[in-house]
Amino acid sequence: MIEKGTSPQIKRITQNFGFGLLGLMSSMTVVPILIVVIFIIQKGAPAISLEFLMGFPSDGMRGGGILPAIIGTLYLTFGTAVFSVPLGIGAAIYLSEYAPENRWTRVIRIAITNLAGIPSVVYGLFGLGIFVIFLKFGTSILAASLTLSIMTLPVIISTSEEAIRAVPNSFRVVSTSLGATRWQTIRRIVLPQSLPGILTGVILGLERAAGETAPILFTGAAFFLPRLPGSPLDATMALPYHLFVISTQVPGMPIKIQYGTALVLLFFVLIMNIIASVIRSRARAKRMW
Amino acid sequence: MNIIEVDHFSLSYSDGTESLKDITLSIPHNKITVMLGPAGGGKSTLMRAMNRLNDLADVTFVSGKITVDGLDVMDPKTNVVELRRKVGMVFARPVPLPLTIRQNITYGLEVAGEQDKKKMDEVVEQTLRDAVLWDEVKDRLDDPGVAISGGQQQRLCLARVLALDPKVILLDEPTSGLDPISTAKIEDSLQELKKRYTIILAPHSVQQASRTADFAAFFLQGELIETAPDKDLFTRPKDKRTQDYVEGRFG
């Protein structure tokens with residue numbers, strides 16, 4: 001529609017105002033993130049030292065380092081990956097490449113969507129019931145990793161499925177016409193092409209697992225351990241839970257250590273995020289379609 | 001001698017878009033058979049039935065029989081992978097696989113279990129020569145398949161079908177998106193290739209059909225209207241509808 005009687009100048013001003021408003025709104029989403037990061041760096045950086053990163057807590061957590069929590073979070077993230085990555089990618093391949101569109105697969109899809117919406121503390125209780133008590137894993141890295149895996153699965157499945165579906169169908173037709181079986185087509189064409197998207201989903205899922213407190217609260221997190229866990233059946237300290245403990249449960253806690261722990265956790269998650277972005281951009285540059 | 005026998009073959013898709021109605025047709029060995037007719041006539045469907053690519057689509061009803069080189073195509077016991085190697089296909093739009101030029105050609109061999117690198121290098125050169133592409137890409141075999149022009153991509157697609165050493169090559173409007181020079185190159189290579197392969201072509205125009213045909217079949221709305229050897233279909237059509245189509249009155 002052409003508006004009559006509006007001079008080009010006014011149109012330009014209106015347009016600039018509109019763009020300006022949109023720009024302002026998008027920058028406003030950046031501001032809180034920046035403030036949080038700067039705030040935590042400012043308050044936490046003084047705590048960071050070799051002793052803090054490599055030492056055990058001392059003086060009832062009021063001093064010393066957070067090594068067991070760092071190691072514990074690494075263990076839990078790794079354990080979560082071991083269970084959720086093969087299962088998640090396998091499910092995504094099945095759903096996108098093999099599953100017929102019928103009532104059963106619709107039920108599976110609805111289940112996955114709903115799984116993603118369940119509050120994490122519910123996963124914690126579920127893990128307590130199934131892994132800790134029923135399967136007798138006790139409060140352990142194993143039970144916590146399994147609980148985190150179930151929480152992470154929907155993220156991995158849905159992002160992987162999306163990445164797999166984004167591969168043009170013409171590749172599948174051509175590959176089939178050249179005598180490839182369905183699995184050969186998946187392995188040689190579909191998976192290599194969707195791998196960047198899958199990895200991004202995996203890392204985002206694991207990142208969430210690394211930062212969660214509620215699911216490990218009853219399943220594997222320890223308040224304090226004098227030594228590092230020796231087996232998957234040991235309980236472990238973990239960064240998010242440790243942060244929760246020292247922020248709420250320990251009176252007279254030096255604020256420096258709290259923010260130092262938050263900074264380490266933030267850094268951990270940030271590194272994973274950066275890895276995901278690098279994988280994505282490198283794959284995009286190498287993409288052959 | 002006929003390499004493909006289509007015997008009272010019918011097929012329909014679940015959405016009812018395009019179907020084949022009781023097609024009976026013999027395709028001669030080492031000739032260019034042209035299947036022409038307006039869009040939606042069933043040419044693509046019949047081609048995709050010959051190498052069971054229809055398995056990927058939603059087919060609801062099939063009856064009748066197709067044999068390719070003695071192989072019963074619709075028989076559930078037929079090894080489809082073997083069938084597809086026998087009946088190669090070039091599509092309307094060139095789709096290089098997301099691999100290098102070289103890998104696009106060796107793909108069919110590799111999925112068949114070939115490991116001899118030297119043999120594959122020979123196949124790459126030979127098939128690219130047969131597809132009249134070698135001189136243009138010999139120095140950039142490890143570039144992505146999409147890095148070359150559309151006309152070159154389509155010849156690459158032809159070369160990778162040749163690498164399978166098929167009996168039959170199906171070409172579904174292979175030049176529809178190409179410039180006249182690339183089209184001429186493909187038509188020229190077909191004249192060479194028919195000495196070794198049976199070629200079935202859905203042409204993108206009546207002119208292309210009459211230029212290339214050794215045997216022609218006219219399809220209209222899922223029915224086979226008439227067939228004729230050589231250029232007879234274009235010079236002496238028997239059916240009024242065929243005549244109208246080749247003279248450009250519809251389609």
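Residues are numbered from 1 along each chain as its sequence is written, while chains are lettered from A and ligands numbered from 1 in the order in which they are written. Because the model is predicted, local features need pLDDT of at least 70 and side-chain atom pairs count only at pLDDT 80 or more, whereas totals for chains, interfaces and linings use all residues.

**View 1. Chain A as a whole.** The secondary structure of chain A comes to 11 helices and 2 strands, where helices (H or I, at least four residues) and strands (E, at least two) are DSSP runs numbered from the N terminus. Along the sequence these elements follow the pattern α-α-β-β-α-α-α-α-α-α-α-α-α.

**View 2. The bend in helix H8 of chain A.** Helix H8 (residues 182-211) of chain A spans only 38 Å between its end C-alpha atoms, whereas a straight helix of 30 residues would span 44 Å at 1.5 Å a residue, the expected span being 1.5 Å times one less than the number of residues. A kink of about 55° lies at Leu195(A), shortly before the proline Pro196(A); the bend at a residue is the angle between axes fitted to the seven residues ending there and the seven starting there.

View 3. Ala235(A) lies in the loop between helix H9 (214-217) and helix H10 (239-248) of chain A. Ala235(A) is buried because 20 other C-beta atoms lie within 10 Å, the cut-offs being 20 or more for buried, 12 or fewer for exposed and partly exposed in between, with C-beta atoms placed from the backbone. Leaving aside neighbours within four places in sequence, the residues in contact with Ala235(A) include Thr139(A), Ser140(A), Gly220(A) and Pro229(A), where contact requires C-beta atoms, placed from the backbone, within 7 Å.

**View 4. The open sheet of chain B.** Four strands of chain B form an open sheet in the order E2-E1-E4-E5, with antiparallel pairing; two strands pair if DSSP finds at least two bridges between them. Strand E2 (19-28) and strand E5 (71-72) stand at the edges, each with a single partner strand, so one side of each is left without a neighbour in the sheet. Strand E1 (residues 2-13) and strand E4 (residues 59-68) of chain B pair in the antiparallel sense over 8 bridges, and Tyr13(B) stands opposite Val59(B) in E4(B).

**View 5. The side of chain B that touches chain A.** Here 20 residues of chain B are in contact with 16 residues of chain A. The elements that give two or more residues to this side of chain B are helix H2 (80-86) and helix H3 (101-111) of chain B. By class, this side of chain B has 14 nonpolar, 3 polar and 3 charged residues, where Ala, Val, Leu, Ile, Met, Phe, Trp, Tyr, Cys and Pro count as nonpolar, Asp, Glu, Lys and Arg as charged, and the others, Gly among them, as polar.

Conventions:
Contact = placed C-beta atoms within 7 Å.
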